[in-house]
Amino acid sequence: MPFRTIHIGRLEELTHPDNLKAALAEFILTLIFVFVGEGSGMAFNKLTDNASTTLARLMAAALAHAFSLFVPVSVSTNISDSHVNPTVTFGFFVDGLPRYM
């Protein structure tokens with residue numbers, strides 16, 4: 001389906017305090033997700049002395065990333081749409097609020 005028009009958000013949406021608060025929350029929570037997820041992987045590698053990868057170790061890394069995503073999503077539910085994705089946040093700023101909300 002081709003685009004008929006491209007909608008651009010209004011300037012007032014960009015400077016609205018609620019939108020700025022949501023963007024700052026998404027930035028901080030994405031930063032937390034990346035640092036906790038990668039930090040847990042680095043710590044796990046340090047604790048196991050670069051041992052070979054087994055299924056249990058892969059599951060531990062997957063659970064660490066799952067919990068590091070769960071916390072930012074649960075914290076930002078009331079502040080923003082809690083998608084923890086900078087690309088989606090930038091898209092909301094360019095296009096304005098989603099049409100389904």
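**Figure 1. Overview of the predicted model and its surface.** The protein exposes about 7,900 Å², of which carbon and sulfur atoms supply 71%; accessible areas come from the Shrake-Rupley method with a 1.4 Å probe, and for residues only the protein chains shown count as cover. This is a predicted model, in which local features need pLDDT of at least 70 and side-chain atom pairs count only at pLDDT 80 or more, while totals for chains, interfaces and linings use all residues. Residues are numbered from 1 along each chain as its sequence is written, and side-chain values use heavy atoms, with hydrogens and water left out. The protein has four helices and zero strands, in the order α-α-α-α from the N terminus. Helices (H or I, at least four residues) and strands (E, at least two) are DSSP runs, numbered from the N terminus. Of the 101 residues, 17% count as buried, a term that means under 20% relative accessible area, with exposed over 50% and partly exposed in between (1.4 Å probe, protein chains only). Among contacts with a separation of 6 or more, 70% join residues 24 or more positions apart; a contact means heavy atoms within 4.5 Å.

**Figure 2. The two segments listed in the UniProt record.** The unreviewed UniProt entry lists residues 20–43 and 55–75 as "transmembrane region"; its positions are given in the numbering used here, feature names are shortened, and annotations may be inferred rather than shown by experiment. Over residues 20–43 the chain is 100% helix and 0% strand, with the end C-alpha atoms 34 Å apart. Residues 55–75 are likewise 100% helix and 0% strand, and there the end C-alpha atoms lie 30 Å apart.

**Figure 3. A nonpolar surface patch and Val36.** Leu24, Phe27, Ile28, Leu31, Ile32, Phe35 and Val36 together form a nonpolar patch with about 680 Å² of accessible area. Such patches are made of residues with over 30% relative accessible area and no salt bridge, where nonpolar side chains (Val, Leu, Ile, Met, Phe, Trp, Tyr) are joined within 5 Å and like charges within 9 Å. A salt bridge is a side-chain nitrogen of Lys or Arg within 4 Å of a carboxyl oxygen of Asp or Glu. Val36 belongs to helix α2 (residues 17–47) and is partly exposed because its relative accessible area is 42%. With a relative accessible area of 55%, Phe67 is exposed.

**Figure 4. Ser68 in helix α3.** Ser68 lies in helix α3 (residues 55–75) and counts as buried, because its relative accessibility is 5%. The side chain of Ser68 reaches the backbone oxygen of His65 at 2.9 Å. Beyond its neighbours within four places in sequence, Ser68 is in contact with Phe33, Val36 and Gly37.

**Figure 5. Met42 in helix α2.** Met42 is placed in helix α2 and is exposed, with a relative accessible area of 60%. From C-alpha to C-alpha, Met42 and Ala61 are 9.8 Å apart in space and 19 residues apart in sequence.

**Figure 6. Ser76 in the loop between α3 and α4.** Ser76 lies in the loop that joins α3 to α4 (86–95). The residue counts as buried because its relative accessible area is 0%. Ser76 and Ala25 are 51 residues apart in sequence, yet their C-alpha atoms are 7.0 Å apart. Leaving aside neighbours within four places in sequence, Ser76 is in contact with Glu26, Leu29 and Ser82.

Terms used. A polar contact is a pair of N or O atoms within 3.5 Å; within protein, one must be able to donate a hydrogen and the other to accept it, and residues adjacent in sequence count only if both atoms are side-chain atoms.
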